[in-house]
Amino acid sequence: SGKGLTSINPYTARISTAACGIPDEATAIVVSTAIVRPPRKGWLVAYPAGSTRPSAATLNWNAGTTRANTSTVRVGADAAIEVYRIDGYGNGSVVMDVVGAFVPATSAASGRLVVVDTAQRLLDTRDGGGDRLGPETTVRIPLPDGVPADATALAVNVTVAQTRSNGFFTVFPAGSPQPEASVLNADRANQTRAAATIVPVTEDGFDLYTKAGAHVIVDMTGWFTGESEESSPDGLFVPATPQRLRDTRPETNPIYAGGTIEIGLPARTQQPSAVAISMTMVAPERRGFVTAHAARTPRGPTSSGSGMPFEVTAQFAITAASAAGVEIYSNAGTELTVDLLGWFTGPQAPTSRNTPTGNPVPLQRVIAIGDSTMAGVDRNFAWAQ
């Protein structure tokens, strides 16, 4: 972090991708961006250098919180990306950690995404009434069945619950030194946080380190091939300048509790097998989660992101796509924005139904209290039958 940083104005910084050993020919990078103890709420967006700033968000935060989110960012002019902050400098420190890079290819053996139609759970410390991980603990997560030993990385979502204290969480290849980086952060005890990322692996899987201690849930949405695979044009990443696909705030309805919205994909995505998106839960009234999956296919028992009451939370996700696009489910209800960051080539998930799941409006109840109110109801014969 910090290498190749050039200030353009108080709100925008240009970052050279020559930092951190990123290949010169890289078309996109994968970065984890964190805001550290900002005194005021705000947001930022990362996008290709030299392009118009998009209407999208990479990271959102409330005052006093430390937040992190992963994203894919297309490389722009002069092999650089730009980062815009709504609040300018001086509102907490921004830390960006490089996770990986995508290089041009029309066909490849190694580094292609194999997406799973339904996310697969790899770890849940709550199972069987298990105890939370202790502070400064490392747990190893082996490669799941069906993933070759020479796989290069996994696409995972990490959720922590009932944190023991403030601290950070990081993932890294099994047996390798722990990096000076984080995938998500907790500000205090008893928090729920989630973050998706791409984690490099060895034949033994990957390690997860917690400074804070918590229950940890890890779900896999796909894996990246190794050299043992045959060369193919499927699973290659096509980066995009962030594009807003959906914003429920100006619409009539949010996603209601137990509801699902369906989001079609732009024609230029050429029927992708999976998409990289950034979802932002906007000030939900209750703590809850969202799950992204291929539209009109069964939803699995996993989550893609978690939100706390009245907070704004951005969440990266790599999820399978169908001909109908993707669906976002909310268990507790929320306003939501969804931004497209790029897509992966290959066959789409087959649909299992012909219509969207739906977002039914819950039963509305009104309580009227007061003598004059009740008199008006009685006078107009408005009693419920």
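How many salt bridges does the count come to by the rule used here? The count comes to 17, where a salt bridge is a side-chain nitrogen of Lys or Arg within 4 Å of a carboxyl oxygen of Asp or Glu.

Before I go through some of them, a word on the source. What you see is a predicted model, in which local features need pLDDT of at least 70 and side-chain atom pairs count only at pLDDT 80 or more, while totals for chains, interfaces and linings use all residues. Residues are numbered from 1 along each chain as its sequence is written, and side-chain values use heavy atoms, with hydrogens and water left out.

Let me begin with Arg 193 and Glu 311, whose closest N and O atoms are 3.8 Å apart in a salt bridge. This pair links distant parts of the chain, 118 residues apart, with Arg 193 in strand S14 (residues 193-200) and Glu 311 in the loop between strand S21 (305-307) and S22; strands here are DSSP runs of E with at least two residues, numbered from the N terminus. Arg 193 counts as buried at 3% relative accessibility, and Glu 311 is buried as well, at 10%, where buried means under 20% relative accessible area, exposed over 50%, and partly exposed in between, using a 1.4 Å probe and protein chains only. Through shared partners, salt bridges join Arg 67, Asp 187, Arg 193 and Glu 311 into one network.

A second pair is Asp 131 with Arg 164, whose side chains meet in a salt bridge at 3.6 Å, N to O. Here too distant parts of the chain are linked, 33 residues apart: Asp 131 lies in the loop between strand S9 (113-124) and strand S10 (137-141), and Arg 164 in the loop between strand S11 (153-161) and strand S12 (167-173). Asp 131 is exposed, with a relative accessible area of 60%, whereas Arg 164 is partly exposed, at 30%.

Now to the nonpolar core, meaning a set of buried Ala, Val, Leu, Ile, Met, Phe, Trp, Tyr and Cys residues joined through side-chain atoms within 4.5 Å. The largest one has 28 residues, and those with the most contacts inside it are Leu 154, Val 158, Phe 206 and Val 218. Among the strands that each supply at least two residues of this core are S9, S10, S11, S12 and S14.

Strand S19 (residues 274-282) and S22 pair over nine bridges, and Ala 274 has Ala 320 as its bridge partner in S22.

Key:
Pairing = 2+ DSSP bridges. Helix = DSSP H or I, 4+ residues; strand = E, 2+ residues; numbered from the N terminus.
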